[in-house]
Structure formats: structure tokens, C-alpha cells
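Please look over the sequence and the structure shown below before reading on. The briefing after them is meant to be read with both in view.

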Amino acid sequence: MREVQTLNLKLVHGIKGDINANPISPRQVLVVRHEDIVELAIQPGELRENVVITGIESKNFVPGALINFDSGAAIRLTFHCEPCKRIAHLVKSLKVIQGRRGILGVVIKSGAIQVGSNCQIEPNRFPALSENVYERFLSFIKKVPSGKVVTYKQIIQAIGVDNSYMRVIPIYIKKTSLINYPIHRILDSKGNLITYIPNQKDKLESEGIKFLCAVNSASKKNEYFGVFPEYLYEDETIYLN
């Protein structure tokens, strides 16, 4: 990471020029309070934050708050950034920095912010996203409408976790109620049906989804291995309101 004088924030994207920018991610921007890093004796940038703000009381700097900048740019804060091994060398224990590494957010209004820009914060403007990953998984799955599907990759992007969670999604699926959540609308990392979801193909076809298929040369049976791209759920506005 490098220090810059100006950041260009873009709606349904994140930070212009950021290789990690993603329209459906709840972690497009990491915001840290200057007062917190001073107390922790950590230099700006070492927490891998994108924006450092000052003059905001800790009681107002919470997930669900809205930060408005004088340029018109705005960031919705979503959930706390979890301490990780990349910053472990900065403190004696990661527990010291738990809940103090800053808060992640999404850009809800485009605009440029500069060193010295003024900002105001509106606490509790939006619902806070859960700090619990499984609860964020459940919340996202409930948003997938009839006639649409999502893949593992889309899920981990939308709930704000790294690719290592690809191994965890099957566990989440198995522990989730078939009655209360539409887990039949989930496809695996390759876009295929999931063998342990009962009657998945029938349920999806009843919602109007058509499948691609191929003939297994050994068994001479049809193997269903995915759906047409138009059935993929792609909502870039999920965290904008």
C-alpha cells in the first residue's frame, strides 16, 4: 500500500484503481480513527487502512454509520475489520486490537476525498452487518430471489471473506434449514448442482431455471453441471440502502 493525497471513490465499485474493488463486496474501504492508532502507537497505513479520519467520537464510529465528505462522497460502514496475521507484528496480541482495527465500508456516493477533507458521521443510518460470518451468509442467501442462483465465489465476495472460506461454505449449507432459507439456489465453486441438497434440480426447474447438461460416456447418463449465465444473481445495490 502507498500513501496518496487523493482517493477517488466510485459508487458500485469502491476505490478507483484498487485491485480489490468489487461491486458486491461489503469491504470496499477500510476506515480507521486517527485517535485509535495514536492510542495503539501504530503509524498510519500499518493497519492496511484506506482512510484515516479524526475528530469522530468512538461512540459514533460504529457499523451502520454513514460518513459524508464535503466533496459529496459517502461511505456506509458495514462491520469491523478482523485482526489478521498480516498485522500481528504490530501488537503483542491480536486481542489488543480486536474491534479497533477500523471498520469496513461500501461507497454509496461517488466523489474524491483528499487529505484535510471534512467529514461528518451519522450513526445508525443503516443496519449494521453482523460480525458473525455465518449470519452474514444467512442474510445474503435470503436475498437471492426465485429464478436466480449464486455460486460459492459470489457468496464469499458478498459476505466479505477471503477465498479460504470456499471450504467453509459447504459446512454452512449443511447446517442451514431447508425450510427457512433457499439454499437450493446455491451452486458449487464450478457452478454445478450440489449433491447433498435434496431435490435441488427439481426445485430450481420449478422456479424456471434451465440447466446445461452433458452425457457421461461411461454411464450414458445425463450429468447436469450448471445453469445458463442469465440465471446468476447479480445485484450491485445490496448494500446501498
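What follows is a short briefing on this structure, grouped by topic.

The model is predicted. The protein chain has 5 helices and 13 strands, and buried residues make up 44% of its 241 residues. Along the principal axes, the C-alpha trace spans about 65 × 40 × 30 Å.

**Overall fold**

- Consider contacts in the protein chain between residues at least 6 apart in sequence: 62% of them join residues at least 24 apart.
- C81 and D202 are 121 residues apart in sequence, and their C-alpha atoms are 40 Å apart in space.
- G64 and V144 are 80 residues apart along the chain, with 22 Å between their C-alpha atoms.

**Nonpolar cores**

- In soluble globular proteins, nonpolar side chains tend to be buried together.
- The largest nonpolar core here has 44 residues. The residues with the most contacts inside this core are F137, F140, V150, I155, I169, I173 and I186.
- Two or more residues of this core come from each of these elements: β3 (29–33), β6 (74–80), β7 (103–109), α2 (133–143), α3 (152–159) and α4 (169–174).
- Of these elements, α2 gives the most to the core, with 6 residues.
- Another core, of 20 residues, lies apart from the largest one and includes L9, V29, V31 and V107.
- Leaving out residues up to four places away in sequence, I169 touches F137, Y152, I155 and I156.

**Helix α2**

- The buried residues of α2 are V133, Y134, R136, F137, L138, F140 and I141.
- An α-helix has 3.6 residues a turn, so residues three or four places apart point the same way.
- Which elements do the buried residues of α2 pack against? They pack against β6, β10 (150–151), α3, α4 and β11 (186–187).
- The N-terminal end of α2 is capped by N132, which has a side-chain oxygen 3.0 Å from the backbone nitrogen of Y134.

**The second largest pocket**

- The second largest pocket holds about 170 Å³ of space.
- Its lining has 13 residues, and R76, L129, S139, K143 and Y239 are the ones that lie nearest the centre.
- By class, 6 of the lining residues are nonpolar, 3 are polar and 4 are charged.
- Helix α2 gives the most to this lining, with 5 residues.

**Buried residues in loops**

- Q28 is in the loop between β2 (14–15) and β3. Is Q28 buried or exposed? Q28 has a relative accessible area of 5%, so it counts as buried, the cut-off being under 20%.
- The side chain of Q28 reaches two backbone atoms: the oxygen of N22 at 2.9 Å and the nitrogen of V107 at 2.9 Å.
- Not counting residues up to four places away in sequence, Q28 touches H13, G14, I15, D18, N22, P23, N50, G105, V106 and V107.
- C81 is in the loop between β6 and β7. With a relative accessible area of 4%, C81 is buried.
- Once residues up to four places away in sequence are set aside, C81 touches R27, L30, R101, G102, I103 and L104.
- G64 is in the loop between β4 (51–53) and β5 (66–69). G64 is buried, at 0% relative accessibility.
- With residues up to four places away in sequence not counted, the contacts of G64 are L77, E122, N124, R125, F126, P127 and A128.

**Exposed residues with positive phi**

- A41 is not a glycine, yet its phi is positive, near 60 degrees.
- A41 is found in the loop between α1 (34–39) and β4. Its relative accessible area is 66%, so A41 counts as exposed, the cut-off being over 50%.
- N199 is not a glycine either, and its phi is positive at about 55 degrees.
- N199 is in the loop between β11 and α5 (200–206). At 52% relative accessibility, N199 is exposed.

Methods. Residues are numbered from 1 along each chain as its sequence is written. This is a predicted model: local features need pLDDT of at least 70, side-chain atom pairs count only at pLDDT 80 or more; totals for chains, interfaces and linings use all residues. Side-chain values use heavy atoms; hydrogens and water are left out. A nonpolar core is a set of buried Ala, Val, Leu, Ile, Met, Phe, Trp, Tyr and Cys residues joined through side-chain atoms within 4.5 Å. Buried means under 20% relative accessible area, exposed over 50%, partly exposed in between (1.4 Å probe, protein chains only). Helices (H or I, at least four residues) and strands (E, at least two) are DSSP runs, numbered from the N terminus. Contact means heavy atoms within 4.5 Å. A polar contact is a pair of N or O atoms within 3.5 Å; within protein, one must be able to donate a hydrogen and the other to accept it, and residues adjacent in sequence count only if both atoms are side-chain atoms. On a 1 Å grid over the protein atoms alone, a cavity is a set of points where a 1.4 Å probe fits but cannot get out, and a pocket is an open set with protein on both sides within 12 Å along at least five of seven lines; lining residues have an atom within 4 Å of a point. Grid points are joined across faces, edges and corners, and a volume is the space filled by probe spheres set on the points. Ala, Val, Leu, Ile, Met, Phe, Trp, Tyr, Cys and Pro count as nonpolar, Asp, Glu, Lys and Arg as charged, and the others, Gly among them, as polar.
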